[in-house]
Amino acid sequence: MHRSVKVAVIGAGVSGLVAARELQRERHHVVVYDQNDSVGGNWIYDPRTESDPLSLDPNRETVHSSLHVSLRTNLPRALMSFTDYPFVRTESDPRTFPRHDEVLRFLNRFADEFGVREVTRLKTRVSRVERVKDEWVVESMTRGSESVSREVFEAVVVCSGHNSVPRVAEIDGIENWRGYQMHSHNYRAPGRFQDQIVVIVGYGASAFDIAVDILPLAKEVHVATKDNRFGVILNDIKCVNKDGSISFQDGSSIFANTIIYCTGYKYHFPFLDINGIVTVEDKCVRPLYKHIFPPALAPSLSFIGIVTKEPIFLMAELQSKWMARVLSGKILLPTEDMMMKSIEDIYHEMEENGLTKTCSLSLRPLQAEYKHWLATQIGLPPLGEWREKLLSEIFKKLGELPLTYRDQWDDTYWDSIIQF
């Protein structure tokens, strides 16, 4: 028997848009909430920055976007496509690694073509999601209005992202620091770093992008990291000394003007009121069966697109297809006890391998197995291996040519093997 339910989708970024599409394909009744002026989530550029550059002050004026003005994608279009809706080249920006505004145009086309915009309530912030008996009450407020709206749903899908509440690394002696500190969340343009000595803390894409962006203007740029995954730099900060200088693990030290933390983000779902059934601890959201459903509330509550270190487009699509079919009754979940046992088995395996539960949303090196499982569940043909090979090649090129790999990419070779 097919079942249609009324579903609230929180967020209209990549995950929210594809979740809404798959829910509508399963004939569910969908309402999408988003606090922004348009769809696109983190791909909406906002020139504003937060009143606290470190984003630590709970009373700060918050800004959702984390994009800087010159940002280009660090993934090629092929890895930012859906299985039936490729991110094709356009005249506005035909490059394989386009600017952020090209991605936003792609997402807007997607929303229009699949009727997602029609069910999306923009400029509407969800303030509370509460389970009342067998239903979900969603409270929201539209910008410019002082009244709170309350609406009842049978299911809620959380797609609010995890790249807007910064994490800041702890540095011994930072109280001695006399310069300027900021998180990459609040970086927009390089102008303020003219002739400065800048220390960038972190090893991810944002660290490399910001380093490249400010390098032509800054006097010196130092990247400090514990992790050498790309084989480029390995020199972590040891401490900040009483004279304000920064000491590194290799024994060197410098006086710098600015520290920029490219140290990632926290999971943050302040609107969820579910009595601790799901715990959110910095980099971990648990317990979640198959990284989607909390067993005690399944299938009426789900999280889409919160796994890390994985291109979000295909992952969110596969998760959304599975979630939508579970809600319609086409796919049956195991019992709550069986789902909890599956989760505990994963945690036990991680413990045996020296990993903490905070790593549970990082799928590598099991990401291919997980995606193939989802594809099998929803009846898709086997996923091509080219995606994993392409992603590995990206990591390789980032290590070899961090400044130029985007524009030295061999389109001819990869275009010959990529099939959508």
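A: Pro-299 is found in the loop between strand 17 and strand 18, where helices (H or I, at least four residues) and strands (E, at least two) are DSSP runs numbered from the N terminus. This is a predicted model, in which local features need pLDDT of at least 70 and side-chain atom pairs count only at pLDDT 80 or more, while totals for chains, interfaces and linings use all residues. Residues are numbered from 1 along each chain as its sequence is written, and side-chain values use heavy atoms, with hydrogens and water left out.

Q: What kind of peptide bond joins Ala-298 and Pro-299?
A: In general, most peptide bonds are trans. Here the bond between Ala-298 and Pro-299 is cis, with omega about 0°. Arg-286 and Pro-287 are also joined by a cis peptide bond, with omega about 0°. Pro-287 sits in the loop between strand 17 (284–286) and strand 18 (301–303).

Q: How many helices and strands does the protein have?
A: There are eight helices and 18 strands. The radius of gyration is 22 Å, close to the 22 Å that the globule rule gives for 420 residues, so the protein is as compact as a globular protein of that length. That radius is taken over C-alpha atoms, and the rule is 2.2 Å times the number of residues to the power 0.38. Along the principal axes, the C-alpha atoms fill a box of roughly 70 × 50 × 50 Å.

Q: Which domains does the assignment give?
A: Domain bounds come from an automatic or database domain assignment. Domain 1 is 6–165 + 265–378 and domain 2 is 168–261. In contact (heavy atoms within 4.5 Å) are 25 residues from domain 1 and 17 residues from domain 2. The C-alpha centres of the two domains lie 31 Å apart.

Q: How much area is buried between domain 1 and domain 2?
A: The size of an interface is often given as the accessible area lost when the parts come together. Summed over both parts, with a 1.4 Å probe, the area here is about 1,500 Å², of which carbon and sulfur atoms give 52%. Pro-53, Leu-54 and His-68 supply 39% of what domain 1 buries against domain 2, more than any other three residues.

Q: Which residues does Gln-181 contact?
A: Gln-181 lies in strand 8 (residues 180–183). Leaving aside neighbours within four places in sequence, Gln-181 is in contact with Pro-53, Leu-54, Ile-174, Ile-259 and Tyr-261.

Conventions:
Buried area is the accessible area (1.4 Å probe) that two parts lose on being put together, summed over both.
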